[in-house]
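User: I have the sequence and the model open. Take me through it in short questions and answers.

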Amino acid sequence: GDYIWLHARARGVWNDDGNIVRTAGTIENISAEKEAEQVQREVLACIAAPGDTAVKIAQALDKLCRYLNLQTAIVSHVTGDDFEVRYRSSDGAALGLNQVLALSDTICFDVYCGDVLQAFPDLARSTAVSHPARVRRGIESYIGITIFVKGLRFGTLGFYAQHPRAP
């Protein structure tokens, strides 16, 4: 069997003799939240550990890829229409470090231009079905957000896979 985390809340109504005559409550499975907290602790510990920054970031991205069930993660820096891969997970199918692409050819283009997280669990069933990144690179699922450094738009953090992401 498996263990799960539960959060329980209940209230009781007592009669004049001090006996409970009615109860109401909820029980909620909070296992996903606890797992996310554990991954967050692991990623922060990875980043705080001594060692080469690029290696630590790659290890943190690997942990996040496993948690999200997506193959690849990329941290980019965007200058004009240039999308440069600054850091990436260790997945061998990923774009190379320091590789530069046209931002408009990446799925990160849509994310970089906005300020909110975007998620496409199945690009084939989304408005991005004909996106160049899907067509050229075989990306079928994607999660990404804009990165700001000192209040300025810097690049993107994106996770993707060549298969749809299971719910």
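**Strands, helices and spaces**

User: How many bridges join strand 7 (residues 141-149) to strand 8?
Analyst: Strands here are DSSP runs of E with at least two residues, and helices are runs of H or I with at least four, both numbered from the N terminus. Two strands pair if DSSP finds at least two bridges between them. Strand 7 and strand 8 run antiparallel, and the bridges joining them number nine.

User: What kind of model is this?
Analyst: Residues are numbered from 1 along each chain as its sequence is written, and side-chain values use heavy atoms, with hydrogens and water left out. Local features need pLDDT of at least 70, side-chain atom pairs count only at pLDDT 80 or more, totals for chains, interfaces and linings use all residues, and this is a predicted model.

User: Which residue in the turn between strand 7 and strand 8 has a positive phi?
Analyst: Valine 149 stands opposite leucine 152 in strand 8. Strand 7 and strand 8 form a hairpin with two residues between them. A positive phi of about 50° in the turn belongs to lysine 150.

User: What stands opposite threonine 72 in strand 8?
Analyst: Strand 8 also pairs with strand 3 (residues 72-79). That pairing is antiparallel and has four bridges. Opposite threonine 72 stands tyrosine 160.

User: In what order do the elements run from the N terminus on?
Analyst: The protein has four helices and eight strands. From the N terminus on, they run β-β-α-α-β-β-β-α-β-α-β-β.

User: Which residue stands opposite arginine 9 in strand 2?
Analyst: Strand 1 and strand 2 (residues 20-29) run antiparallel and are joined by nine bridges. Opposite arginine 9 stands threonine 26.

User: What is the phi of glycine 18?
Analyst: Strand 1 and strand 2 form a hairpin, with five residues between them. Glycine 18 sits in that turn, and its phi is positive, about 85°.

User: What share of the residues of the protein counts as buried?
Analyst: The C-alpha trace spans about 75 × 45 × 40 Å along its principal axes. The protein has 167 residues, and the share that counts as buried is 32%.

User: What percentage of the contacts with a separation of 6 or more comes from residues 24 or more positions apart?
Analyst: A contact means heavy atoms within 4.5 Å. Among contacts with a separation of 6 or more, residues 24 or more positions apart account for 42%.

User: What is the relative accessible area of valine 85?
Analyst: Valine 85 lies in strand 4 (residues 82-88). Leaving aside neighbours within four places in sequence, valine 85 has contacts that include Ile74, Val75, Leu95 and Leu97. Valine 85 is buried, and its relative accessible area is 0%.

User: What distance separates the C-alpha atoms of valine 85 and valine 100?
Analyst: Valine 85 and valine 100 are 15 residues apart along the chain.

User: Is proline 121 buried or partly exposed?
Analyst: Proline 121 is in the loop between strand 6 (118-120) and helix 4. Not counting residues up to four places away in sequence, proline 121 touches Glu140, Ser141, Pro164 and Arg165. At a relative accessible area of 47%, proline 121 is partly exposed.

User: How far apart in space are proline 121 and alanine 8?
Analyst: In sequence, proline 121 and alanine 8 are 113 residues apart. In space, C-alpha to C-alpha, the separation is 31 Å.

User: Which element gives the largest share of the lining of the largest pocket?
Analyst: On a 1 Å grid over the protein atoms alone, a pocket is an open set of points with protein on both sides within 12 Å along at least five of seven lines, a cavity is a set where a 1.4 Å probe fits but cannot get out, and lining residues have an atom within 4 Å of a point. Val43, Ile47, Leu61 and Leu157 are among the residues that line the largest pocket. Helix 1 (31-48) and helix 2 (53-68) each supply at least two of the lining residues. The largest share, four residues, comes from helix 2.

User: Which elements give two or more residues to the lining of the largest cavity?
Analyst: The lining of the largest cavity has 14 residues, with Phe83, Leu95, Thr106, Ile139 and Tyr160 nearest the centre. The elements that give two or more are helix 4 (132-137) and strand 8 (152-161).

How values were computed. Buried means under 20% relative accessible area, exposed over 50%, partly exposed in between (1.4 Å probe, protein chains only).
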